[in-house]
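Open the model in your viewer and keep the sequence beside it. The stops below say what to select and what is there.

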Amino acid sequence: MTSPAHNVAAEHLLAVEQVSCVYGGFKAVDSVSFSLQPSELLGIAGTNGAGKSTLFAAIAGQQRASTGTIVFNGTDLTRLEPYQRARLGLVRTFQIPREFKSLTVHENLLAGAPNKEGEQLFAALVNTRARQQRERELSEKADEVLEFLNLSKVRNVPALNLSGGQKKLVELGRVLMLEPRCILLDEPFAGVNPVLIDQLSEHIVTLNQRGIAFVLIEHHLQALKKLAKRLIVMDRGSILAQGDPQSVLDDPQVQLAYMGGVA
Ligand SMILES: Nc1ncnc2c1ncn2[C@@H]1O[C@H](COP(=O)(O)OP(=O)(O)OP(=O)(O)O)[C@@H](O)[C@H]1O
Ligand SMILES: [Mg+2]
């Protein structure tokens, strides 16, 4: 199955059009186009080095796209910084969790929270009642997120003492503090035990049912197939196939790219 030409219309939550990313002279992402509907759960699979994480970096703003446009909820993001994209509701997690190791789980979530007043020096210096109230609200919100993710029992544990799977949950918690409309998850199941994979999958489904759209990069194809209604497979910087997950995985080109068959 080859990808049909994409009509990137304004009603899409996310529209990625002809995006390329270059490292030195090497094109890691080569003219990729796809779109995401509000509340959709889209999977991205592909060989190692296919450009999946680089594509996320281009969408979330850590990497400048060398060509192409990225439109989120009607706003052209192409020149915006990551924090500006996050404010618009577009957030990502990283393949290797980026927790603050010496901070507790609860503090890690607070560190991810938007800090509206913090940008103004004056406001940062005066500890007003409004500010204290906001800090209390954020702390309560972090506790709600921890409860939702079944992390309350490790609330006060330094992040460095968590298991790989718990760190992935904290990553998810950190982005949930930003009340996103769309979460890009980079290999959430890598290094996570099967019980936690099921738990994490349930959280993703619940959040998706509440209206949060997801794009999920994952090598764990069985877990991905259970979640994603639509799948994109990338190979060497390009989209090789997209559509319903099983037919994409059965595609001879995809099978060939993975050399030896998948799923
Ligand atoms: N910062 C960088 N500088 C130079 N090359 C890079 C950089 N980051 C990634 N690359 C290269 O770009 C290509 C795409 O990498 P990327 O990490 O996006 O792939 P991926 O599909 O996420 O792979 P994986 O499944 O292994 O995580 C690879 O060839 C990689 O070596
Ligand atoms: Mg990657």
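Start by selecting L90: this residue is buried, because 29 other C-beta atoms lie within 10 Å. (A residue counts as buried with 20 or more other C-beta atoms within 10 Å of its own, as exposed with 12 or fewer, and as partly exposed in between; C-beta atoms are placed from the backbone.) This is a predicted model, in which local features need pLDDT of at least 70 and side-chain atom pairs count only at pLDDT 80 or more, while totals for chains, interfaces and linings use all residues. Residues are numbered from 1 along each chain as its sequence is written, and chains are lettered from A and ligands numbered from 1 in the order in which they are written.

L90 belongs to strand β6 (residues 90-92). Helices (H or I, at least four residues) and strands (E, at least two) are DSSP runs, numbered from the N terminus.

Next, select helix α6 (residues 164-176). Twelve of its 13 residues are buried, so α6 is largely enclosed by the rest of the structure. Its buried residues pack against β6, α3 (105-111), α5 (129-148), β7 (182-186) and α7 (194-209).

Move on to strand β9 (residues 230-235), which runs parallel to β3 (residues 41-46) and is joined to β3 by five bridges. Strands pair if DSSP finds at least two bridges between them. Within this pair, G43 has L231 in β9 as its bridge partner. Strand β10 (residues 238-243) is antiparallel to β9, again with five bridges. There, I239 in β10 stands opposite M234. The turn of the β9-β10 hairpin has two residues between the strands, and R236 in this turn has a positive phi of about 45°.

Which residues surround ligand 1? Select Y23, A28, G46, N48, G49, A50, G51, K52, S53, T54 and Q95. Near means that the C-beta atom, placed from the backbone, lies within 6 Å. Helix α1 (residues 52-60) gives the most to this shell, with three residues.

Finally, show the whole chain, which has ten helices and ten strands. Of its 263 residues, 38% count as buried.

How values were computed. The expected span of a helix is 1.5 Å times one less than its number of residues. Two residues are in contact if their C-beta atoms, placed from the backbone, lie within 7 Å.
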